[in-house]
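The stops below are given in the order in which they may be selected.

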Amino acid sequence: MQTKLLILFTFLYSTIFFSQNYEEQDIFVQNKEGYMIIKPNIEQNIRSKIKTVIDQKLADLISSPKDQSSKLMPEQIEFAKDTLTINEFMKEYSNYNTSGTTFGMNVGIGFYTKEYDKLLNKYYKKDLEILQPVMKKQLINSQKKWLDYYNNDKVLIGNLMNFGNHNYLAYAIQYTDKMLTDRVQFLYDIYEGKMQGTNTYKED
């Protein structure tokens, strides 16, 4: 009886193991820099699936303001779409079995970081176009120092954890990814015109 159970467990384990490996081969590919990423066709497939969801959520936000003062401006709609796209992508990606493995989580975080890096650069450049020269210079200096701080902390956390396991990934999500998303939000707030300094923005 014990032998039969051992054979059964071995069979089940090998089935799960090889099916998982098969899926990894099916949805991931190595890029030119040597990093594993989501295959372009899989990424496109996910983007196609989430388009309807994003469009509907945006339509709901636009058509249902609480009052006239809360009506969304074009830049708010743009930012909502930017962030919704990333978040909905990650939700759809989580439907793949391997997204929950250490390997799949690493690839997912890599994608999430890459997409937020794009937003970081996007709103940083937009800010530089609307700030007065003195404020523009200060933002450039601030951004350089923030990038050094952010990158140094990522390296430190990686060294402290010693290996990209689940504990590291959980901490990275809670800390370094939050640093990135908070910075994007800050840069967007500048772009939206939330800063009230008398010499902050260029005159229209």
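This is a predicted model. Begin by selecting Met-90, Tyr-93, Ser-99, Gly-104, Met-105, Gly-108, Ile-109, Tyr-112, Ile-173 and Asp-177, the residues that line the second largest pocket. Two elements, α3 (74-93) and α4 (102-130), each give two or more residues to this lining. The largest share comes from α4, with 5 residues. Coloured by class, the lining shows 6 nonpolar, 3 polar and 1 charged residues. The space in this pocket amounts to about 160 Å³.

Centre the view on Phe-89. Apart from neighbours within four places in sequence, the contacts of Phe-89 are Ile-38, Glu-43, Ile-46, Arg-47, Ile-50 and Phe-111.

The last stop is Thr-200, found in the segment after α7 (176-192). Is Thr-200 buried or exposed? With a relative accessible area of 8%, Thr-200 counts as buried because this value is under the 20% cut-off. The side chain of Thr-200 reaches the backbone oxygen of Gly-197 at 3.3 Å. To display its surroundings, select Ile-130, Leu-131, Gln-132, Met-135 and Met-195, with which Thr-200 is in contact when neighbours within four places in sequence are left aside.

Technical notes. Residues numbered from 1 in each chain as written. Predicted model: local features only at pLDDT ≥ 70, side-chain atom pairs only at ≥ 80, totals over all residues. Heavy atoms only, no water. Helix = DSSP H or I, 4+ residues; strand = E, 2+ residues; numbered from the N terminus. Buried < 20%, exposed > 50% of the residue type's maximum accessible area, 1.4 Å probe, protein only. Polar contact = N/O pair within 3.5 Å; in protein donor to acceptor, adjacent residues only side chain to side chain. Contact = heavy atoms within 4.5 Å. 1 Å grid on protein atoms, 1.4 Å probe; cavity = no way out; pocket = protein on both sides within 12 Å on 5 of 7 lines; lining within 4 Å. Points joined across faces, edges and corners; volume = space filled by probe spheres on them. Nonpolar A, V, L, I, M, F, W, Y, C, P; charged D, E, K, R; others polar.
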